[in-house]
Amino acid sequence: MSECGLRLRYLVHSRVDHWESQQDSWKKTRETLSYLQGKVSAEYKVQDITVKMLCGADLLESFSKPGLWASEDIVEFVSKYGLAVISRNGYDAQKFVENRDELCTQKEKIHIIPEVIYNEVSATKIRRSISKGESVKYLIPDSVIEYIRQHNLYQNSED
């Protein structure tokens, strides 16, 4: 979470919330979105503000992996909150949405954000590079690299 905070500290409309990481057990995405929706609505005292799940097209396609996401959870969080999907080179997010029944019926709540400049950097690739001992300089801020080093994160592929 601290890594996220370091990366987002200059973005005015973005914040990191530690709630999910402070729970005693794993929480489903829909539970986290529900918590965040309540928090944002209360903080801004506005009921028509909506939290969206932001993800890359690679995560969107993980919805089809057996046993990873429950169909009813996908339906609930897409219909209640919606998705903002950052397109990634090599992934056809629009086609994926159109070919999944639980997504196609909610496609008005799914916003595909096109990449203007193709960026092959993803959190997964950064973690993989660090675990292999490869440099991630210029891919993430120096403060994040330093935090990762100080806390000895991603030193093996299971992190």
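The following questions and answers cover the nonpolar cores, a surface patch and the salt bridges of this predicted model.

User: Which elements give two or more residues to the largest nonpolar core?

Analyst: The largest nonpolar core has 20 residues, and those with the most contacts inside it include Phe-63, Val-85 and Leu-103. The elements that each supply two or more residues to this core are helix H2 (29–44), S1, helix H3 (57–61), helix H4 (71–80), strand S2 (83–86) and helix H5 (93–99).

User: Which residues does Met-53 contact, leaving aside its neighbours within four places in sequence?

Analyst: Met-53 is among the residues with the most contacts inside the largest nonpolar core. With neighbours within four places in sequence left aside, the residues in contact with Met-53 are Thr-29, Leu-33, Leu-59, Phe-63, Trp-69, Phe-77, Gly-82, Leu-83 and Ala-84.

User: Is Leu-54 buried or exposed?

Analyst: Leu-54 sits in strand S1 (residues 53–56). Together with Ile-86 and Ile-113, Leu-54 makes a nonpolar surface patch of about 250 Å². The cut-off for exposed is over 50% relative accessible area. Leu-54 has a relative accessible area of 57%, so Leu-54 is exposed.

User: How many residues apart in sequence are the parts that Asp-17 and Lys-39 tie together?

Analyst: The side chains of Asp-17 and Lys-39 meet in a salt bridge, at 2.5 Å from N to O. Asp-17 lies in the loop between helix H1 (2–8) and H2, whereas Lys-39 lies in helix H2, so the parts tied together are apart in sequence by 22 residues.

User: What is the relative accessibility of Asp-58, the salt-bridge partner of Arg-88?

Analyst: The closest N and O atoms of Asp-58 and Arg-88 are 2.6 Å apart. Asp-58 lies in helix H3 and Arg-88 in the loop between S2 and H5, so this pair ties together parts that are 30 residues apart in sequence. Asp-58 counts as partly exposed, and its relative accessibility is 24%.

User: Is Glu-102 buried or exposed?

Analyst: Glu-102 forms a salt bridge with Arg-100, with the closest N and O atoms 2.5 Å apart. Buried means under 20% relative accessible area. The relative accessible area of Glu-102 is 13%, so Glu-102 is buried.

Terms used
Residues numbered from 1 in each chain as written. Predicted model: local features only at pLDDT ≥ 70, side-chain atom pairs only at ≥ 80, totals over all residues. Heavy atoms only, no water. Patch = residues over 30% accessible without salt bridge, like charges linked within 9 Å, V, L, I, M, F, W, Y side chains within 5 Å. Areas by Shrake-Rupley, 256 points an atom, 1.4 Å probe, with all protein chains shown as cover. Salt bridge = Lys/Arg side-chain N within 4 Å of Asp/Glu carboxyl O. Helix = DSSP H or I, 4+ residues; strand = E, 2+ residues; numbered from the N terminus. Buried < 20%, exposed > 50% of the residue type's maximum accessible area, 1.4 Å probe, protein only. Core = buried A, V, L, I, M, F, W, Y, C linked by side-chain atoms within 4.5 Å. Contact = heavy atoms within 4.5 Å.
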